[in-house]
Structures are given as structure tokens and as C-alpha cells.
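Here's a quick tour for anyone meeting this structure for the first time.

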Amino acid sequence: MSTQESVIKSGETLLIVGAGETGNLVARHIAERGYHVEATTSPRDAVSRVSNGEAGVILLDLTAGQTSLDLADTLMGLPSCPPIVVLDKAPTVERVVAALRIGVVDYLSIGDGESEIVDRLTTHLAKAQAAARTAQLRREAAPRARESSNGATSGLTGLELNAARRMLIIEDVPILLSS
């Protein structure tokens, strides 16, 4: 699998941490919509997979009582943590506020209904997939080290000064300069 395919594949992957009965049911519906679903075996496995960039979205399933918000806090501390969505059986205001302070992007309740949960997770996965594709395109289009020609100089990634044309290009956005 090429690097581009693996980046896009990670954007299509829902990583379920602490899967309970509802989480497994949701996983089946997400897989039917064409996304890849994987479950972790332990918090350590979750940290390892997130560190390796193997997930586009994380579903932290609190319904089975196997995980806690402490794991979400740990995952958010990783440099490459994807969006985390929490699924809870009986959310309290304190828990929701604590999760949002950690940086969780969505907090779902079993009471929201199965179709609502699946729709919201699908939305998060679509956003992650689009972000992965955009990031890959930016990496491919990143200016490579070029020698000076026609007045153009490039010393920093994402920054190019073309003195002959009086143009500064910052991350592919041209800015015309005055004389």
C-alpha cells in the first residue's frame, strides 16, 4: 500500500476504544457505509494505534465501563490525535463538560438513537477523510528546494520570493509587492 493510500485509509478508519454492545452495533452500521472499523484490545493498544496514525476518528465507548475519560485525556496529549467522539449510556453535565474541556469533538448518548449516532460518526469520518486527502495533496504540492532562476528564491518551505515579478508566495497564496 502506498503512503497516499495509507493516509487516506487512516482517514476512513473508525477506531473503537472500549466497545460495548451499542458500540459494536454502531460499528456494523459504519462498516456498511464503506468505512473501515477497528476495535482496540486495551488502552495501551489505543495509544499505540493513535501514535502510528491508524485512525481517522476515535469512538470512546463509555457504555461498557471498560474505559474512562482519562484515556481521552491521554490520547489528546499525543501529537497526532484524531477527533475523539464519546458514546455514553447516562451522560451527566459534569462528564460532558469535562470531555469538552479535554478536547472531545462530540459527545453522544445512547438516547440519541442509533441512526443519529451513526450519522454523526459518518460526518466526522467524512471530515477526517477530506482532511487526510487535503494534507496528502499539500505534502505532494509542497515546494521543493529550487535553485534561483528568473529572480525566484526559495529558502523556507511554503515561502517563495520572486523579486523579478515582485511577488511573495506564502503556502501557494501569491501576494503582489510594490516596487
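Helices here are DSSP runs of H or I with at least four residues, strands are runs of E with at least two, and both are numbered from the N terminus. On that count, the protein chain has six helices and nine strands. This is a predicted model, where local features need pLDDT of at least 70 and side-chain atom pairs count only at pLDDT 80 or more, while totals for chains, interfaces and linings use all residues. Residues are numbered from 1 along each chain as its sequence is written, and side-chain values use heavy atoms, leaving out hydrogens and water.

**The chain as a whole**

- Of its 179 residues, 36% count as buried (buried is under 20% relative accessible area, exposed is over 50%, and partly exposed is in between, using a 1.4 Å probe and protein chains only).
- Take the contacts (heavy atoms within 4.5 Å) between residues at least 6 apart in sequence: 55% of them join residues at least 24 apart.

**Two helix pairs**

- Two packed helices are described by the angle between their axes and the distance between the axes.
- Axes are lines fitted to C-alpha atoms, for helices over the stretch in contact, and angles between N-to-C directions run from 0 to 180 degrees.
- Helix α2 (residues 21-32) and helix α6 (residues 114-141) have axes that come within 10 Å and cross at roughly 55 degrees.
- That is why α2 and α6 are called oblique to each other (under 35 degrees is roughly parallel, over 145 roughly antiparallel, 65 to 115 roughly perpendicular, and the rest oblique).
- On the α2 side, the contact is made by Leu25, Val26, His29 and Ile30, and α6 brings Glu114, Ile117, Val118, Leu121, Thr122 and Leu125.
- Those residues of the α2 and α6 contact split into seven nonpolar, two polar and one charged (Ala, Val, Leu, Ile, Met, Phe, Trp, Tyr, Cys and Pro are nonpolar, Asp, Glu, Lys and Arg are charged, and the others, Gly among them, are polar).
- Helix α4 (residues 69-76) packs with helix α5 (residues 93-102) at an angle of about 10 degrees, their axes 9 Å apart, so α4 is roughly parallel to α5.
- Leu69, Ala72, Asp73 and Met76 of α4 meet Arg95, Ala98, Ala99 and Ile102 of α5.

**Nonpolar cores**

- A nonpolar core is a set of buried Ala, Val, Leu, Ile, Met, Phe, Trp, Tyr and Cys residues joined through side-chain atoms within 4.5 Å.
- The largest has 18 residues, and Ile58, Leu60, Leu75, Ile84 and Val86 have the most contacts inside it.
- β1 (13-17), α3 (43-51), β3 (57-61), α4 and β4 (84-88) each supply at least two residues of this core, with α4 giving the most, four residues.
- Skipping neighbours within four places in sequence, Ile84 contacts Ile58, Leu60, Ala72, Leu75, Met76, Val104, Val105 and Asp106.
- Apart from this core lies another, of 16 residues, including Leu59, Val85, Leu87 and Ala128.

- Asp73 sits in helix α4 and is partly exposed, with a relative accessible area of 45%.
- Ser109 belongs to strand β5 (residues 106-109) and is buried, at a relative accessible area of 15%.
- Not counting residues up to four places away in sequence, Ser109 touches Leu87, Asp88, Lys89, Pro91 and Ile117.
- Asp119 is in helix α6, and its C-alpha atom is separated by 9.6 Å from that of His29, 90 residues apart along the chain.
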